[in-house]
Amino acid sequence: MTNLVVRQIPFDFEGAEFIWNPSNPAFAVMMNAITFQSIGFEKYICKTMNAAEKLARDSAITEEIRAFNAQEMVHSQAHRKHAKALIEAYPGLKDLLDFCIADYDRLYEERDLRYHLSYCANIEATFTPLFGSIIEHRDVLFAGGDPRISSLFLWHFVEEMEHRASAHLIYDNIVRNPFTRLFKMRSVFGHTRKLAAKVYEAFHEHVPESRPYGLGDGVKAIPKPALKKMRNGIIGSQMPWHRPGSAQVPAYYGEWFARYESGEDMRTAYAA
Ligand SMILES: [Fe+2]
Ligand SMILES: [Fe+2]
């Protein structure tokens, strides 16, 4: 039985700045890129999961698919609101959003379900080491930023950790061969990297303030040993024997859920 919870948090990003964290503009740009990519990726996940549901081998997996899907849909809705605020300020970014969605739609048409399940399992497995490291270093990444945007990403990142085992469980139940995703790794990461480069290119074209910041600059404020640990974690997450459910999560993970449970307004959870 899955224990995933769908949390509707009524975020509002009206008037949000593109450089929403003047203390760390490179990170602000990276998170904006995640907003644009996430909307396409999460739609792709939902299509993949709808197709996977028909092949699920037991009811526990069907339940996992539905809960995973539901969380991702809610993430996507929140990121659409964020993207809307950015597009209002820079209308040229509307085409970028359309491009991200169309790019994932095209990928969905071109490949088969085994590929899509590999894609979801591979990418989702990187999130615990990547977002865990971001959360651990939130003082140098989020501090000084618009609390609404910081809180959007912290919520999304803790929920990514909450469902960190889902894509793998579903993959294992249907594909049943851990090497399939290993063989597709190059193609999967090639796709996300290429799309990220495209997102930055569009930012640079339409948003002059984004021009000094390139792909990969966003996490530069994280100390080097921690970055190395993060990169090793990401590589380890791709190994056929990796079990994302046992991946370590930061202490903030428990804190966020405890604060949510206590009824705190998580739209501004990060106000430092
Ligand atoms: Fe998500
Ligand atoms: Fe996810």
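Me: A helix axis is a line fitted to C-alpha atoms over the stretch in contact, and angles run from 0 to 180 degrees between N-to-C directions. At what angle do H1 and H2 pack, and how far apart are their axes?

Reply: Note that the model is predicted. H1 (residues 25-53) packs against helix H2 (residues 59-89) at about 150 degrees, and their axes are 8 Å apart. Angles over 145 degrees count as roughly antiparallel, so H1 is roughly antiparallel to H2. The crossing of H1 and H2 is left-handed. The contact of H1 with H2 has twelve nonpolar, ten polar and five charged residues.

Me: How does one read the pair H4 and H6, and which residues make the contact?

Reply: Read the angle, then the handedness, then the residues. Helix H4 (residues 113-136) and helix H6 (residues 147-162) have axes 9 Å apart and pack at an angle of about 135 degrees. H4 and H6 are therefore oblique to each other, and their crossing is left-handed. From H4 the contact uses Glu124, Phe127, Thr128, Phe131, Gly132, Ile134 and Ile135, and from H6 it uses Leu154, Phe157, Val158, Glu160 and Met161. Eight of the residues in this contact of H4 with H6 are nonpolar, two polar and two charged.

Me: H6 also meets H11. At what angle do their axes cross?

Reply: H6 and helix H11 (residues 251-261) cross at roughly 110 degrees, and their axes come within 10 Å. The range for roughly perpendicular is 65 to 115 degrees, and H6 and H11 are therefore roughly perpendicular to each other. Leu154, Trp155, Val158, Met161 and Glu162 of H6 meet Tyr252, Tyr253, Trp256 and Phe257 of H11. By class, eight residues of the contact of H6 with H11 are nonpolar, none is polar and one is charged.

Me: Turning to the metals, which residues coordinate the iron ion (ligand 1)?

Reply: The iron ion (ligand 1) is coordinated at 2.0 to 2.3 Å by Glu42 (OE), Glu72 (OE), His75 (ND1), His156 (NE2) and Glu160 (OE). Its donor residues are spaced E-x29-E-x2-H-x80-H-x3-E in sequence. Distant parts of the chain are linked by glutamate 42 in helix H1 and histidine 156 in helix H6, 114 residues apart.

Me: And what coordinates the iron ion (ligand 2)?

Reply: Glu72 (OE), Glu124 (OE), Glu124 (OE), Glu160 (OE), Glu160 (OE) and His163 (NE2) coordinate the iron ion (ligand 2), at 1.9 to 2.6 Å. The spacing of the donors along the chain is E-x51-E-x35-E-x2-H. Glutamate 124 lies in helix H4 and glutamate 160 in helix H6, so this pair ties together parts that are 36 residues apart in sequence.

Me: How is the geometry of the iron ion (ligand 2) site classed?

Reply: Six donors count as octahedral only if opposite donors are over 155 degrees apart and all others between 65 and 115. The angles among the six donor atoms of the iron ion (ligand 2) are 54 to 153 degrees, and the site is irregular.

Me: How far apart are the two iron ions, and which residue bridges them?

Reply: The iron ion (ligand 1) and the iron ion (ligand 2) lie 3.7 Å apart, bridged by glutamate 72.

Technical notes
Residues are numbered from 1 along each chain as its sequence is written. Chains are lettered from A and ligands numbered from 1 in the order in which they are written. This is a predicted model: local features need pLDDT of at least 70, side-chain atom pairs count only at pLDDT 80 or more; totals for chains, interfaces and linings use all residues. Side-chain values use heavy atoms; hydrogens and water are left out. Helices (H or I, at least four residues) and strands (E, at least two) are DSSP runs, numbered from the N terminus. Angles under 35 degrees count as roughly parallel, over 145 as roughly antiparallel, 65 to 115 as roughly perpendicular and the rest as oblique. A crossing is left-handed if the near helix is turned anticlockwise from the far one by less than a right angle, and right-handed if clockwise. Contact means heavy atoms within 4.5 Å. Ala, Val, Leu, Ile, Met, Phe, Trp, Tyr, Cys and Pro count as nonpolar, Asp, Glu, Lys and Arg as charged, and the others, Gly among them, as polar. Donors are N, O and S atoms within 2.8 Å of the metal (3.2 Å for Na, K and Ca); water is not among the atoms, so sites may look incomplete. Four donors count as tetrahedral if all angles lie between 85 and 135 degrees; four count as square planar and six as octahedral if opposite donors are over 155 degrees apart and all others between 65 and 115; anything else is irregular.
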